[in-house]
Amino acid sequence: MLRDVRRRDVSVRAAQAAEDRLVEALVGATASAETKNKFRAMLRDGQLEDKEVDIAVVEAAPAGGGEMPGMVPGQVINFSEMMKNFMSKTPQQRRLKVAAAREYLEREEADKMLDTEALTREAVAHAQENGIVFLDEIDKVCGRAADGGGRSGDVSREGVQRDLLPLIEGTTVSTKYGPVKTDHILFIASGAFHLAKPSDLLPELQGRLPIRVELQPLTREDLRRILTDPEHSLLKQYTALLSTEDVTLTFSDGAVDALAELAADINERVENIGARRLATVLEKLLEEISFTASDRKGEAIHVEASLVQEKVAPLARKGDLSRFIL
């Protein structure tokens, strides 16, 4: 992320350097200044975007590092460093279209202008001082209470908790970018504690996660906003999906209200799975339209509240809710 930010800082200089290399690749290093200027103008006007050009490309070593079987836990091998010894650094000639070549050359020129070591140090510092780690589904590692009281003796779950302890309370983790201290990283754990309870966690882990909050169920208004507000909401996804078949899909305000109402109602009566319910209800509503879309090219389909009631509401009223349980 930091590299992308720094690339933007030098993007103007990198674009100029990439343009110089592109012009040279198109007309040759020995071409006259007049010829270069002519091709540079054509390049800036976008007249050469589809023209193919040969450029020298240095293949990057595969990124990543990790533990190998049989290694001491925590010891990390940087595969990128290992591969540098095996991969040739000799540039390889590749034929690319000007548009693709420009993108590659701008990135390469920007990377040349960046201090990789300083970038790594800054990124590690950011992670240590501003990092946030989300531990989702923490309830899955709870030791479920036994029927007669006390712990169930699930050793594997407690093992996961004991592995998490040093990370949360502060330790040094070896990474391919160097050691990272977790002392000041914020850990946020979440889980659906309907089978287990937070008190089923190891006492030591509870002490390291001292602030506890409870979430309220999503209301009808919340579900309506989830359907309409996000940039990539479910309604927009389905509209875009059907547009690939040349079918125009629109939803009335009444239909959106009906969808939110039905989703909230089913959540209350069966199992509250939150906004996931919207995906199931929408799939049922548009099931027939989705399967026949390829035969309905050019049609405009406007979904009204009456269609929602017709397709989904009767199933909910009959109590046939098994199809809504994910």
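View 1. The structure is a predicted model, in which local features need pLDDT of at least 70 and side-chain atom pairs count only at pLDDT 80 or more, while totals for chains, interfaces and linings use all residues. Residues are numbered from 1 along each chain as its sequence is written, and side-chain values use heavy atoms, with hydrogens and water left out. Strand S5 (132-135) and strand S8 (186-189) each supply at least two residues of the nonpolar patch. Helices (H or I, at least four residues) and strands (E, at least two) are DSSP runs, numbered from the N terminus. Leu-186, in strand S8, is partly exposed, with a relative accessible area of 46%. Buried means under 20% relative accessible area, exposed over 50%, and partly exposed in between (1.4 Å probe, protein chains only).

**View 2. Helix H10 (residues 234-243) has the buried residues Leu-235, Tyr-238 and Leu-242.** They lie on the same side of H10, because they cover an arc of only 65° around the axis. The arc is that of the directions from the helix axis to the C-beta atoms. The cover over these buried residues includes helix H9 (220-228), strand S9 (248-251), helix H11 (253-269), helix H12 (276-285) and helix H13 (287-292).

**View 3. The largest nonpolar core has 30 residues.** A nonpolar core is a set of buried Ala, Val, Leu, Ile, Met, Phe, Trp, Tyr and Cys residues joined through side-chain atoms within 4.5 Å. Phe-251, Leu-282, Leu-285, Leu-286 and Val-303 have the most contacts inside this core. At least two residues of the core come from each of H9, H10, S9, H11, H12, strand S10 (300-303) and helix H14 (305-311). H11 gives the most, with 9 residues. Leaving aside residues up to four places away in sequence, Phe-251 touches Leu-235, Thr-239, Val-256, Leu-282, Leu-285, Leu-286, His-302 and Val-303. Contact means heavy atoms within 4.5 Å. A second, separate core has 14 residues, including Ala-18, Leu-96, Ala-101 and Tyr-104. In soluble globular proteins, nonpolar side chains tend to be buried together.

**View 4. Glu-137 has a positive phi, near 55°, although this residue is not a glycine.** Glu-137 lies in the loop between S5 and helix H7 (155-169). With 40% relative accessibility, Glu-137 is partly exposed. Asp-246, also other than glycine, has a positive phi of about 65°. Asp-246 sits in the loop between H10 and S9 and is partly exposed at 49% relative accessibility.

**View 5. Glu-221 and Ala-260 are 39 residues apart in sequence, and their C-alpha atoms are 7.4 Å apart in space.** Glu-221 belongs to helix H9 and is partly exposed, at 48% relative accessibility. Among contacts in the protein chain between residues at least 6 apart in sequence, 70% join residues at least 24 apart.
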